[in-house]
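Trainee: Before we rely on any of the labels for this model, could you take me through what stands behind them?

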Amino acid sequence: ELVARRHRAPRIEVAVAHALRPAPHAYALELDEVGWTPTDTLLGALRRHRAPWRELSVADLRHMVATGS
């Protein structure tokens, strides 16, 4: 599980913040008029962005939101 391997992967929360605010284009994301994108779209972009995140799941994102890491 990715959560257990976090020490080997770049910080997911930093990438999510980067992808959703200053640089959605760097992740090939399209945000709606208020800055939202579907979770599956965000997961796909993150999985493509870094090899260690190929197995990233909704559970990993929930963990990130719940713990701030």
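Mentor: What covers the buried residues of helix H3 (58-67) includes H1 and H2, where contact means heavy atoms within 4.5 Å, and a helix is a DSSP run of H or I of at least four residues, numbered from the N terminus. This is a predicted model, in which local features need pLDDT of at least 70 and side-chain atom pairs count only at pLDDT 80 or more, while totals for chains, interfaces and linings use all residues. Residues are numbered from 1 along each chain as its sequence is written, and side-chain values use heavy atoms, with hydrogens and water left out.

Trainee: Which residues of H3 are called buried, and what makes them line one face of the helix?

Mentor: Asp60, Leu61 and Met64 are buried, that is, under 20% relative accessible area, with exposed meaning over 50% and partly exposed in between (1.4 Å probe, protein chains only). Seen down the axis of H3, the buried residues fall within an arc of 100°, so they line one face; the arc is that of the directions from the helix axis to the C-beta atoms. The face turned away from that buried side carries the exposed residues Arg62, Val65 and Ala66.

Trainee: Why is Arg50 called partly exposed, and why does Glu55 count as exposed?

Mentor: Arg50 lies in the loop between H2 and H3, and its relative accessibility is 35%, so Arg50 counts as partly exposed. Glu55 also has its place in the loop between H2 and H3, but at 60% relative accessibility Glu55 counts as exposed.

Trainee: Which residue caps the N-terminal end of H3?

Mentor: Ser57 caps that end, with a side-chain oxygen 3.3 Å from the backbone nitrogen of Ala59. H3 is followed by Gly68, whose phi is positive, near 75°.

Trainee: How much space lies in the largest pocket, and how do the residues of its lining divide into nonpolar, polar and charged?

Mentor: About 260 Å³ of space lies in the largest pocket. Of the 14 residues that line the largest pocket, the closest to its centre include Leu20, Trp36 and Leu42. A pocket is an open set of points on a 1 Å grid over the protein atoms alone, where a 1.4 Å probe fits, with protein on both sides within 12 Å along at least five of seven lines, and lining residues have an atom within 4 Å of a point. The lining divides into nine nonpolar, three polar and two charged residues, and its largest share, four residues, comes from H3.

Terms used:
Grid points are joined across faces, edges and corners, and a volume is the space filled by probe spheres set on the points. Helices (H or I, at least four residues) and strands (E, at least two) are DSSP runs, numbered from the N terminus. Ala, Val, Leu, Ile, Met, Phe, Trp, Tyr, Cys and Pro count as nonpolar, Asp, Glu, Lys and Arg as charged, and the others, Gly among them, as polar. A polar contact is a pair of N or O atoms within 3.5 Å; within protein, one must be able to donate a hydrogen and the other to accept it, and residues adjacent in sequence count only if both atoms are side-chain atoms.
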